Amino acid sequence: MIPDYPLGACRVETRHAGLKPDLQPIDLASIAPMNEQSGSMLDDMIDSVQYSLPQSDKERILLENLKMLTARHTSRCPEYQRIIKVMAPGYAVADRLEDLPYLPVALFKSHYLKSVPDQRVHTILTSSGTTGQAVSRIAVDTDTARYQSKALTAIMKTVLGKRRLPMLIADNRELLRDPTMLSARGAGVLGMMLFGHQHTFALHRNMSADREALIAFLARFGREPFLVFGFTFMVWKYLLPAVRGLDLSNGILIHSGGWKKLADESVTNDVFKATWKKETGLKHIRNFYGMVEQIGSVFLEGGDGLLYPPNFADVIIRDPYTLKPLPPGKAGIIQLLSLLPHSYPGHNILTEDMGVVEYKDREDGWRGKGLRVLGRVAQAELRGCGDVHAFGIPS
Amino acid sequence: MNVNLLLPGGNVQNIARILEALEDARRPPFADETKAFIAALSSVLLKDAGAKRFPEIQALGFWIRPAMIERLERDFRAATPQRVVRAARGLVFHLPPANVDTLFVYSWLLSLLAGNSNIIRLSSRRSVQGGLLLGILNRLFVDHPAIAGTNAIISYGHEDAITAAISRNCDARVVWGGDRTVAHIRAITLAPHAADLAFADRFSIAAINATHFLSLDDAERYAVAEAAFNDIYWFDQMACASPRLLVWIGEDNQAKAADCFWPLLDRVVRHKGYEVEPGTALSKTGLSYRAAIDLEVSGIRCFDGRLSVITLDSFEGFDAFRTETFGGGVICEIGLSALSALVPHVSCRDQTLAQFGFTSDVLRDFALTLNGRGLDRIVPLGRSLDFDPVWDGDDLLFRFTRAVTLNPLV
């Protein structure tokens, strides 16, 4: 199952007014540049055209810069330092990306790992899975938060262009009612709202469609490009039935989240796209994959249906048993690498998802690795006396 | 309130009716028909083609053989004073651990031998072994109607009301499981006169005499690794008796013994074809990283997904870490100069010490120095998962009976 973005229900504790959900449009151009040193590599990687960097160039750049990030986190996060000391004391001489140390993503549930002092933590992103599971806690400072916005903008610009488009949200307005307690859907919607204006919520609180709002929106904006955003199962289950037969041919649908519920109904990505096109004319559809443990790593769907890392991020597939890197075509555990996480050591993580890299540097498509996510690794089920059947996640 | 009746039968029944049928169904301890049933079960378990695939079922069949039952009876009668008559308690309610399928049989049979009627609640999830056992028992029940009429195995959802109904009407309740399960069940009121037995989270340790180990030849060393395999890998290392810490006792040779031992164990693991799911492999990886943060780790050995060994410099942080749940072949190790050096680090949660290479004198001294601090049993390496009627300090046969005194003590 492709995990919901962010992982599970995501609660955002915001400390400063600046990051409170502000429903007035924000002019992106007014956000000051992140870094005074304009030569910063992360800025370059974000600013340059996405998906046009050949894989070998990317690996070379990422190798050096991830080493620097690893050094940074080693010197600022005591727990991370202990790990590096045991697991990879010699990482500095690594000559391949694959040889850099990574963290299993569950570690963010068992420990609060951060590389900045408490006062500098601007936001704590938390995610909780099903009841009984522990939460991941991700410490975000102002810099990392702004990098994240900048990165998301650069990524979405690829498919949305530079203008903010009128935006239809496949969710309900109550989602954002309490800014101190945002669920996964709320945080995702809030992030995406930066790319739209005239934000219109398509659903009522009980998930039934707000038919009047939909018709009004389409009447006013339907003849020009507009943005539709929502979580995959929401978009399929609650929005589509309400717009069947209406003309959404100018719409661009961005969606994220698990395919599991749809898979239960035998709805694949192909069926999803074909149905939307047939019933509403909407044909510009893009999925994306990401997780709260590596914010900013939004893997956007390319024209070929595969998910692509942005310039400043990458993916490696590993055998779950040997943990050795696997070549394209072989399925294994997804490892994510990114230059973005500065305030917490999330720059190199081993997820709990299975995936396969189908292509590297497609000739006729986007550069970089094209990823297919296969689903979540099944929870460990060990027999034994205890009542904990799945070990590994402390609660 | 309805439950699934798994034995005898296979349909849904009202719990009140089941309780009614099991009322007043006592037998004398070690009754002939009870012994006949157990002998028949032992025979089937040892011979059944399906059962032969599972070593823990074979171990069960062997353990409950007539010779062992006779031994239990002899010990039971010998330990009962003249002035005491032992009688059954009545109806015993068993809540065995969710997934150690054979454990419910040991608990149940001891209670049966004590003369009780029994209700056993199993989880609704069934492993292959569990299904096999139920099938065998159902068939045997046909030939043993007296036993069939006074015992039931049921399953039901998370309905505390059913647990409460049975608890009100039983004469003893025995629960196995993690700390949380025990706390949850204990919160459900038990009939005032009923005995309350609980077996909660435990931790177990293995100890190897490094000097002795290094003096062995290749074949003998491999045999030690095979014994360790049984202890560590049966039940996916998730039983309370599964060692999660291995202590090397020696003098400047502990590391050498370890370097020799672990690859041998890995060879056994490969030979036995033990495999874990990717989810478990990931969990083991996660645990290693948590150990790197929380413990004083000098190194971690990984034999792909088969075995992970976390080498500790000291016990610092270990008290908190031992409550972590881990299994599937991940173990901590540490070197000490003497078994006595382990004593300060033993806690009341510790159950079993599986040892190799120590004299009985050394072990006796160790037990005396421990003086009840922890570790209820010391067994030879390879025998951790043997069942013992004295479990976690409780003599089950005695706990399942009442002692009726005929004359005063004076």
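In this predicted model, the side chains of B:Glu296 and A:Arg82 pair up in a salt bridge, with 3.3 Å from N to O; the term covers a side-chain nitrogen of Lys or Arg within 4 Å of a carboxyl oxygen of Asp or Glu. The count of salt bridges between chain A and chain B is one. On the chain A side, α3 (78–87), β2 (103–104), α4 (107–110) and β14 (348–360) each put in at least two of the residues that touch chain B, and α3(A) gives the largest share, five residues. Helices here are DSSP runs of H or I with at least four residues, and strands are runs of E with at least two, numbered from the N terminus.

As for the contact as a whole (heavy atoms within 4.5 Å), chain A brings 37 residues and chain B 46. About 3600 Å² is buried between the two chains, 62% of that from carbon and sulfur atoms; buried area is the accessible area (1.4 Å probe) lost by two parts on being put together, summed over both.

Away from these counts, A:Asn206 sits in the loop between β6 (196–203) and α7 (211–221) of chain A. A:Asn206 counts as exposed because its relative accessibility is 59%, the cut-off for exposed being over 50% (1.4 Å probe, protein chains only).

Residues are numbered from 1 along each chain as its sequence is written, and chains are lettered from A and ligands numbered from 1 in the order written. Local features need pLDDT of at least 70 and side-chain atom pairs 80 or more, while totals for chains, interfaces and linings use all residues; side-chain values use heavy atoms, leaving out hydrogens and water.

Notes. Buried means under 20% relative accessible area, exposed over 50%, partly exposed in between (1.4 Å probe, protein chains only).
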